[in-house]
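Could you take me around this structure, one selection at a time? I have it open in a viewer and would like to know what to click next and what I will find there.

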Amino acid sequence: MDVSLVNPFINATINVLETMAFVTVNAGKPYLKSDNTAVGDVTGILGLTGVANGTFAVTFEGKCILTIVSNMFGETMESLNEEIADAVGELTNMISGQARRELGESGRVFKAAIPSVVTGKNHSIRHYSDGPKIAIPFNTDGGNFTIEVCFER
Amino acid sequence: MDTSIKILIVDDFATMRRILKNILKQLGFKNLVEADDGTTAWEVLEGQSIDLIISDWNMPKMTGLELLKKVRADSRYSKVPFLMVTAEAQKQNVIEAVQAGVSNYVVKPFTAEAISDKLEKILR
């Protein structure tokens, strides 16, 4: 997998959360993920096609996404419900769009599907590409989340 | 800006419709209607007098681009201002929307100021 495909997703994640949720995020060290278990309570995932095929996912701990969405809406959100799931879908959509914009500037054009959202403790994330799963953890004052990028070999 | 106008907000994500409504209300707009895709938006247009459409691009059933083309092709609505608010941020997307007759374009993520700025340009 071309690892230069990953940085735009990191940059996009930071930009989206700072702009829409006024949250400062700090990226941790990327690692190769060997299993399919999500590192959190709710995941947005979408497929990407273009110069390579792959998937992008973002998984939030419960308290983290509640803080983020509370900031986005300007009111306190207290439970992981359909509104939160919807917000995760839109965040996934926005991060993907920003990352694809940066990739497009270097001639690598991708299209994205409409995201799906999965919730629940220990839910699984299925990346359909056979390439390595690169996970990047982030921390915020409200909790942690992780993005995963997986493109075909 | 004339804040008495009726605005149709089109996005398949309720989150985005809510954020846009919040911003528009802060700007003084009160006459807001919603649709969750292009097909529903078209039904709203046929049933109500809409002064401005704010639409996402990627939606099921009918995309924002398809809605824009349909609006511009119909003499009843061809002059309705249309603001695309979308995560589709590549140059080719903007070109395509401009060629289809979009009034202005905002890329997600956006600030309230960005929305206000574009509305001022469209509505003056």
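Start by selecting A:Gly74, the residue that follows helix H2 of chain A; its phi is positive, near 75°. Before going on, keep in mind that this is a predicted model: local features need pLDDT of at least 70, side-chain atom pairs count only at pLDDT 80 or more, and totals for chains, interfaces and linings use all residues. Residues are numbered from 1 along each chain as its sequence is written, while chains are lettered from A and ligands numbered from 1 in the order in which they are written.

Now step back into H2(A) itself. Helices here are DSSP runs of H or I with at least four residues, strands are runs of E with at least two, and both are numbered from the N terminus. H2(A) has twelve residues and spans 16 Å from first C-alpha to last, close to the expected 16 Å; the expected span is 1.5 Å times one less than the number of residues. Which residues of H2(A) are buried? Select A:Cys64, A:Ile65, A:Leu66, A:Thr67, A:Ile68, A:Val69 and A:Met72. A residue is buried if 20 or more other C-beta atoms lie within 10 Å of its own, exposed if 12 or fewer, and partly exposed in between, with C-beta atoms placed from the backbone.

Next, select helix H3 of chain A. Its 24 residues reach 35 Å, close to the 34 Å expected. H3(A) is mostly covered, with 17 of its 24 residues buried.

The contact between the chains takes 21 residues from chain A and 16 residues from chain B; two residues are in contact if their C-beta atoms, placed from the backbone, lie within 7 Å. H3(A) gives the largest share of chain A's side, twelve residues.

Cross over to chain B and colour its strands. Five of them form an open sheet in the order S2-S1-S3-S4-S5, with parallel pairing. Two strands pair if DSSP finds at least two bridges between them. S2(B), residues 31–35, and S5(B), residues 104–107, stand at the edges with a single partner strand each, so one side of each is left without a neighbour in the sheet. Zoom in on S1(B), residues 6–10, which is joined to S2(B) by five bridges. There, B:Val10 stands opposite B:Ala35.

Return to chain A and select strand S7, residues 133–140. Its antiparallel pairing with S8(A), residues 143–151, has eight bridges, and the two strands form a hairpin with two residues between them. Look for A:Asn139 opposite A:Asn144. S7(A) also pairs in the antiparallel sense with S2(A), residues 31–33, over three bridges; here A:Tyr31 faces A:Ala135. With S1(A), residues 26–27, S7(A) makes two bridges, again antiparallel, and A:Ala27 is opposite A:Phe138.

Finally, zoom out to the whole of chain A. How many helices and strands does chain A have? There are three helices and eight strands. The C-alpha atoms of chain A fill a box of roughly 40 × 30 × 30 Å, taken along the principal axes. Buried residues make up 44% of the 153 residues in chain A.
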